[in-house]
Amino acid sequence: KRMFEGLSEKLSGIFDALTRRGSLSEEDVNVALREVRRALLEADVALDVVRSFVDKVRSRAVGANVIKSVTPGQMVVKIVNDVLIETLGAEAEPINLDAAPPVAIMVIGLQGAGKTTTTAKIAKRLSERMKRKVLMASLDVKRPAAQEQLAVLGRQIGVETLPVIAGQTPVQIAVRAEQAARLQGFDVVLLDTAGRTHIDEALMQEMAEIKAASKPHEILLVADSLTGQDAVNLAKSFDGRVGITGIVLTRVDGDGRGGAALSMRAVTGKPIKLLGAGEKMDALEDFHPSRIANRILG
Ligand code: GDP
């Protein structure tokens, strides 16, 4: 099952029943909203987000005097669609390159979330679509294979990676990447950082030091959508400690319920910028709130 499929099926069941009726009582609307509430909770949406979602829909439905309208069911669906888009962040927020080059983009997250893959996907997109000259650097000195993994992807997509110098710290590599980019006229430097299996103080400290040294224009948290509310809590922690500018949700090609995607913006205040939808280098999608709402409401 693709992400949102379960939620989408439940909502269409609720709204089909609603739009089929010519008139609605206030109680009909309340019953439908209780079902919507349950469907969102079953999709693993954060409780606070569900509450505020349902409250907003209810108060707008009352304000718009839905039950007296000619097509009450359709009006409820329209209101749900609007509130869904707002919850997802309203507007698409692409990667921001609006700074003097070389623009540094730092990619952070837990081990296995998809950081290295996402770094290469972004590099490919910026170089092919946006015609930017991109340099990638792996700051992961803990996992011996990490730097080679990024170099392999770089060769595959035709993007340069910073040559490895053994024994350097992540901060030293970040500084060297910036210098190399400046000297060689790169537009963008992508910094792929090390992860850990769990959030810990050492990881946060390392990220804060790299941030201080490289002054990135974007700090993108890569989070696995399949981990649901754990991904949301992770984003909150990273944002509180390091500060992030946006989120990339990976594995949306998996069978996630969609709770992370639906809660992320409302809980963290930070936009989802991109979606990782597969292992291939082209499997990167822009996050458009209205398109996601369409996918959910069908
Ligand atoms: P890192 O430890 O955070 O750098 O994670 P990697 O980039 O090495 O990714 C871990 C695994 O997840 C790899 O096998 C990737 O191919 C896979 N992966 C990354 N992003 C996605 C995605 O969006 N969808 C799927 N299905 N797999 C992904």
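**A buried glutamate and the salt bridges of the chain**

Glu206 counts as buried, at 11% relative accessibility. In this predicted model, the side chain of Glu206 meets that of Lys142 in a salt bridge, with 3.6 Å from N to O. The pair ties together distant parts of the chain, 64 residues apart: Glu206 belongs to helix 8 (residues 201-214), while Lys142 sits in the loop between strand 2 (134-138) and helix 6 (144-157).

Other salt bridges lie within a helix. In helix 7 (residues 170-184), Glu178 and Arg182 are four residues apart, about one turn of the helix, and their side chains meet at 2.3 Å, N to O. Here Glu178 is partly exposed at 26% relative accessibility, whereas Arg182 is exposed at 53%. Helix 4 (residues 72-88) holds both Asp82 and Lys78, again four residues apart, and their closest N and O atoms are 2.8 Å from each other. The structure holds 21 salt bridges.

Turning to the chain as a whole, 11 helices and eight strands are found, and 53% of the 298 residues count as buried. Of the contacts between residues at least 6 apart in sequence, 76% join residues at least 24 apart. The 40 positive and 37 negative charges have mean positions 1 Å apart.

Finally, an unreviewed UniProt entry places the feature "domain: SRP54-type proteins GTP-binding" at residues 271-284. This stretch is 0% helix and 43% strand, with its end C-alpha atoms 16 Å apart.

Definitions and conventions:
Residues are numbered from 1 along each chain as its sequence is written. This is a predicted model: local features need pLDDT of at least 70, side-chain atom pairs count only at pLDDT 80 or more; totals for chains, interfaces and linings use all residues. Side-chain values use heavy atoms; hydrogens and water are left out. Helices (H or I, at least four residues) and strands (E, at least two) are DSSP runs, numbered from the N terminus. Buried means under 20% relative accessible area, exposed over 50%, partly exposed in between (1.4 Å probe, protein chains only). Contact means heavy atoms within 4.5 Å. Lys and Arg count as positive and Asp and Glu as negative; His and the chain ends are not counted. The place of a charge is taken as NZ of Lys, CZ of Arg, CG of Asp or CD of Glu. UniProt positions are given in the numbering used here, feature names are shortened, and annotations may be inferred rather than shown by experiment. A salt bridge is a side-chain nitrogen of Lys or Arg within 4 Å of a carboxyl oxygen of Asp or Glu.
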